[in-house]
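Hi there,

Here is the structure I promised to pass on to you. Have a look at it first, and then read my notes below.

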Amino acid sequence: MNNTPLWAKNSDVVIPDEVKAVNNSLPFDYVLLPYDLKASIAHVRMLESCNILTRETSDRIINTLNDMVKEGDELLNKILSSGEEDVHSAIEAELIKRIGEDGKKVHTARSRNDQVATAFRLLVADYIASISDKVALFIKALSDTAYKHTETVMPGYTHLQHAQCVSLGYYLTTYAYMFYADYKALKKAEKSCMEYLPLGSLAFAGTSFKTDRNMMAKELGFNAPSPTASYGVSDRDFLLETLHCLSVLALHLSRISEEFILWSSNEFGFINMDKRYSTGSSIMPQKKNPDIPELIRGKSARVFSAYSRVWIALKALPLSYNKDMQEDKEAFFDAFETTTIMLDAIIPFFSTLTFNTKRMEEESKKGYMNATDAADYLVKKGVPFRTAYRIVGTLVENISKSGVALEDLSLSEYKKASPLFDEDIVEFVKEINCMERRSSYGGCASSEVKARLDDLLNALRTE
């Protein structure tokens, strides 16, 4: 195990264990390995192009780095057991071990500060792409089910109270659009990661060597080099943007999970969970618990806290690089892993749900959710809405004691409330008709829901 870091001036410097414990990042930054190798190859190509390294030295270093890329897990195991303080030092030490003095030239015109910032941007962009693909899969699953249920009537809620009749398809389409907003935000964050290349910034002030940062930016897929070297090594806004996106995504996953938890209860009874994606009780044999959505609801807090951790770590840092920035990685890795677990669980959970449409329809008849429609009926007859509102409100208050539904009320009872009510009122206030009349843009009518689903999936395909 190496107890002398690359930055030590003398080989007899031995780092105390307590210093290594707080300083070493290799136990978590090893995941940067393939990204650091990729950036190192681009860096060496640039050095050779600018006549800072000879072609022979460049070829030797790049060939060795390419060999290391191909070794995969074998190299990773060597890196993890190297005893170096971080993955960047471990790669350089391994390179020197393999090719000797030429390996010591790889660090010309660069610093670990710009190395880590570059490798981290590449990693975050890659990880965002992985999360985005999973979000797209969930959107499609929600949309596919929504298409099948555009005419499945269910209660819509405000304040968790029966409000107006909508369809299950409408409910799911609303969530699909929430997740589409997350998808777009993640794609924007991915572009932010690849906006500016830190490599070539060195510690924070650039280099006296005549380098070509534009060449490296192009090879690595960045839009441009960082406008100042200090910005290149000290900026973590791309990470805050990413963690914000993951936090909002986790919030949406928590909200839809709460719906499923409520819907699975006996009080709602809207869904049946597949036994593979629910759990039982150790003492109550009848139980079927919604553990997956409960855990997703709980795990969302870990993603929120990751965002807070990085935000707080950065809030008082002066320019430019500070070692506090090392704290950004563990927070991000935890947020990414947690979000991945949540998405990997909720997609099959949702896809195996069965919906109790009969129960939904029965609940739609409760709570006088067609009262607004009865008021609208009078408005169409010329009654001001506020007057119609009071007429129907009084009617509902009078009949609620007997439990009679508006669609079951006799015409004579309607006429006691207003002579403008006619025979067609009974058909007018039927739940399905109430729902289908709401055909304004974004309304819950089946034609509107299908149109918005078409728009959503077309937009998703073109992103």
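A residue is called buried if its relative accessible area is under 20%, exposed if over 50%, and partly exposed in between (1.4 Å probe, protein chains only).

Two words on the background. This is a predicted model, in which local features need pLDDT of at least 70 and side-chain atom pairs count only at pLDDT 80 or more, while totals for chains, interfaces and linings use all residues. Residues are numbered from 1 along each chain as its sequence is written, and side-chain values use heavy atoms, with hydrogens and water left out.

Now the overall picture. The protein has 20 helices and 6 strands, taken as DSSP runs numbered from the N terminus (helices: H or I, at least four residues; strands: E, at least two). Its C-alpha atoms fill a box of roughly 100 × 55 × 40 Å along the principal axes.

Next, the aromatic rings. Rings of Phe, Tyr and Trp (its six-membered ring) pair if their centres lie within 6.5 Å; planes under 30 degrees apart are stacked, over 60 edge-to-face, and the rest tilted. That rule gives 24 aromatic pairs. One of them joins Y171 and W263, edge-to-face, with 5.3 Å between the centres and 75° between the planes. Because Y171 belongs to helix α8 (residues 168–193) and W263 to helix α11 (residues 237–264), this pair ties together parts 92 residues apart in sequence. Y171 is buried at 14% relative accessible area, and W263 is buried at 2%. F268 and F270 also pair: their centres are 5.5 Å apart and their planes at 85°, so they too are edge-to-face. Both F268 and F270 are buried.

Where does the charged end of R386 sit? It is over the ring of Y389, 4.8 Å from the centre. For this, NZ of Lys or CZ of Arg must be within 6 Å of the ring centre and within 35 degrees of the ring normal.

Finally, how many disulfides does the structure hold? There are 0, where a disulfide is a pair of cysteine sulfur atoms within 2.5 Å. The sulfur of C245 has its closest cysteine sulfur in C193, 9.4 Å away, which is too far for a bond. C245 is buried, at 6% relative accessibility.

Enjoy exploring!
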